[in-house]
Amino acid sequence: MVNPEAVNCEQVWREISNYLEGDVDAGLRAAMDTHFRTCARCKSVLEGTSNVVRLYGDERMIEVPAGFGRRLERRLARSRRVRSNWATWSSWMIPVAAMLLMAGGLKVASSRTVPHPLLSAHAQPAHGIPPDMAVVVSSGAKEFHVVGCEFIHNKDKERTLTAREAEREGYVPCVRCMRKYLETASAGKIALDSEADAVADAGEERVPGGR
Amino acid sequence: MAEANALLNNPAGTISEQELIAQVQRGQNELFYELVRPYERRVYAAALAILRNEADAEDVAQEAMLKALANIRQFRAEARFSTWLIQITVNEALMRRRRGRNAIMEGIDDHRDEEGEYTPRDFADWREIPSEALERKEVRQKLAQALATLDRKYREVFVLRDMEQLNIQETAEALGISIASVKTRLLRARLMLRDLLARGWEQGWFSRLPFEKGTKPW
């Protein structure tokens with residue numbers, strides 16, 4: 001038990017927050033109550049602190065920007081639509097993809113000439129390359145090339161086809177000759193450059209967490 | 001879907017929060033906004049207390065709500081839903097701040113000594129300030145400005161405990177600090193705000209009418 005006589009102002013100030021919380025034992029509470037009756041300064045601190053807790057605890061003290069609720073509701077609805085679209089899409093797309101993979105697997109099993117859908121793990125399909133452009137591929141390689149490219153491997157096994165067909169077979173553009181081709185192909189050099197960069201970047205190893 | 005619409009259109013609002021939570025946990029996500037609407041202001045205030053930037057606070061509040069929706073099945077009925085939401089928000093806001101450019105500065109602030117005693121300065125004769133004073137926008141602004149002058153560590157604890165109504169332990173858990181730290185910071189925040197309010201008291205912030213002090217409005 002705390003002796004009421006022993007509680008001085010400093011002790012009261014130290015405990016005043018706990019007092020408001022109801023987090024002081026009965027003895028200390030009684031001692032503080034006695035102190036408040038006789039000490040105007042501490043009574044002032046108690047009343048002021050109570051005002052602080054009561055005023056700031058009022059719901060009206062929380063102000064949100066105009067339209068906050070509406071924007072939150074919209075964002076939640078948008079995320080629902082995305083989820084729902086994904087759910088709808090995945091509900092039929094996943095089985096379809098599975099069937100396609102199975103069919104592809106069967107076809108691969110029956111004919112070794114059909115390449116893997118993506119021959120290079122690092123590459124992305126090309127953009128900006130005219131689909132009817134004549135390109136060269138060679139069996140055992142992963143890239144398609146401008147006719148005459150010096151980087152064609154297995155030249156004795158090369159065949160010519162359109163870029164569209166090459167892409168369809170899973171070949172990706174050669175980062176050297178195709179970039180050069182795209183850079184010089186038309187007057188839209190700058191626009192094509194970014195495409196070519198993307199093509200070149202596609203051939204590089206991705207850094208985890210990189211953009 | 002019909003059930004969901006019936007719930008949404010229930011004007012009497014007779015669905016309990018528990019029931020709403022159960023509905024959302026069963027996949028009726030369209031009810032989620034109804035569930036969080038009563039707390040959206042508190043969620044925003046919690047984010048603002050940590051980030052001190054309205055745009056960031058709003059974005060984090062939205063992110064936190066999306067996260068809460070995504071994890072709604074992990075919510076357990078023994079916890080208070082509002083507390084759960086606010087804890088998610090505080091976590092999101094703290095992560096956002098850590099990623100932000102001010103992280104180093106804020107870190108320095110965090111390590112300052114907080115054990116020193118705080119002595120109240122003003123012993124004016126107080127009386128209870130009526131809550132009606134908060135009807136006046138300038139009073140609310142003055143209080144918000146006073147709060148904004150507090151150091152981060154005091155402001156955060158004060159907002160979570162006294163404005164968000166988390167208890168001491170929940171405040172400690174949300175901020176990742178000890179209960180003793182919460183108590184120390186809370187004491188200091190309350191005493192500092194009391195001193196700041198005392199100044200306003202003398203300047204007549206809380207007078208019912210702006211011309212009560214003798215100055216006429218015309």
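A nonpolar core is a set of buried Ala, Val, Leu, Ile, Met, Phe, Trp, Tyr and Cys residues joined through C-beta atoms within 7 Å. In this predicted model, the largest such core has 61 residues. Helix H11 (residues 179-203) of chain B contributes the most to this core, namely eleven residues. Chain B is built from eleven helices and zero strands, while chain A has seven helices and four strands.

**Chains**

- Chain B has 218 residues, of which 37% count as buried.
- From the N terminus on, the order of elements in chain B is α-α-α-α-α-α-α-α-α-α-α.
- In chain B, 66% of the contacts between residues at least 6 apart in sequence join residues at least 24 apart.
- Chain A has 211 residues, and 22% of them count as buried.
- The elements of chain A follow the pattern α-α-α-α-β-β-β-α-β-α-α along the sequence.
- For chain A, the share of contacts joining residues at least 24 apart, among those between residues at least 6 apart, is 60%.

**Nonpolar cores**

- Within the core of 61 residues, Val43(B), Ala46(B) and Ala47(B) have the most contacts.
- A second, separate core has 17 residues, among them Val135(A), Val146(A), Ala163(A) and Cys177(A).
- Apart from neighbours within four places in sequence, Val43(B) is in contact with Ala61(B), Ala64(B), Met65(B), Leu85(B), Ile86(B) and Thr89(B).

**Interface between chains A and B**

- On the chain A side, 30 residues are in contact with 41 residues of chain B.
- Helix H1 (9-21), helix H3 (40-56) and helix H4 (68-110) of chain A are the elements that give two or more residues to the side touching chain B.
- H3(A) gives the most to that side, with eleven residues.
- By class, the residues of the side of chain A that touches chain B are 13 nonpolar, nine polar and eight charged.

- The axes of H9(B) and H4(B) come within 9 Å and cross at roughly 165 degrees.
- Angles over 145 degrees count as roughly antiparallel, so H4(B) is roughly antiparallel to H9(B).
- The crossing of these two helices, H4(B) and H9(B), is right-handed.
- From H4(B), the contact is made by Ala45(B), Ala46(B), Ala49(B) and Ile50(B); from H9(B), it is made by Arg155(B), Glu156(B), Val159(B), Leu160(B) and Met163(B).
- The residues of the contact of H4(B) with H9(B) divide into seven nonpolar, no polar and two charged.
- Ala46(B) takes part in this helix contact and is also one of the residues with the most contacts inside the core of 61 residues.

**Helices H6 and H10 of chain B**

- Helix H6 (residues 81-99) of chain B packs with H10(B) at an angle of about 30 degrees, and their axes are 9 Å apart.
- Angles under 35 degrees count as roughly parallel, so H6(B) is roughly parallel to H10(B).
- The crossing of H6(B) and H10(B) is right-handed.
- The residues of H6(B) that meet H10(B) are Thr83(B), Ile86(B), Gln87(B) and Val90(B); on H10(B), they are Glu170(B), Glu173(B), Ala174(B) and Leu175(B).
- The contact of H6(B) with H10(B) has four nonpolar, two polar and two charged residues.
- Ile86(B) belongs to this contact and is also in contact with Val43(B).

- Most residues other than glycine have a negative phi.
- Arg52(B), which is not a glycine, has a positive phi near 60 degrees.
- Arg52(B) lies in the loop between helix H4 (40-51) and helix H5 (54-70) of chain B.
- Arg52(B) has 15 other C-beta atoms within 10 Å and is therefore partly exposed.
- Gln165(B), also not a glycine, has a positive phi of about 65 degrees.
- Gln165(B) follows H9(B), in the loop between helix H9 (152-163) and helix H10 (168-175) of chain B.
- Gln165(B) counts as partly exposed, because it has 15 C-beta neighbours inside 10 Å.

Notes
Residues numbered from 1 in each chain as written. Chains lettered and ligands numbered in written order. Predicted model: local features only at pLDDT ≥ 70, side-chain atom pairs only at ≥ 80, totals over all residues. Buried ≥ 20, exposed ≤ 12 C-beta atoms within 10 Å, placed from the backbone. Contact = placed C-beta atoms within 7 Å. Nonpolar A, V, L, I, M, F, W, Y, C, P; charged D, E, K, R; others polar. Axes fitted to C-alpha atoms, helices over the stretch in contact; angles between N-to-C directions. Parallel < 35°, antiparallel > 145°, perpendicular 65-115°, else oblique. Left-handed = near helix turned anticlockwise from the far one by under 90°.
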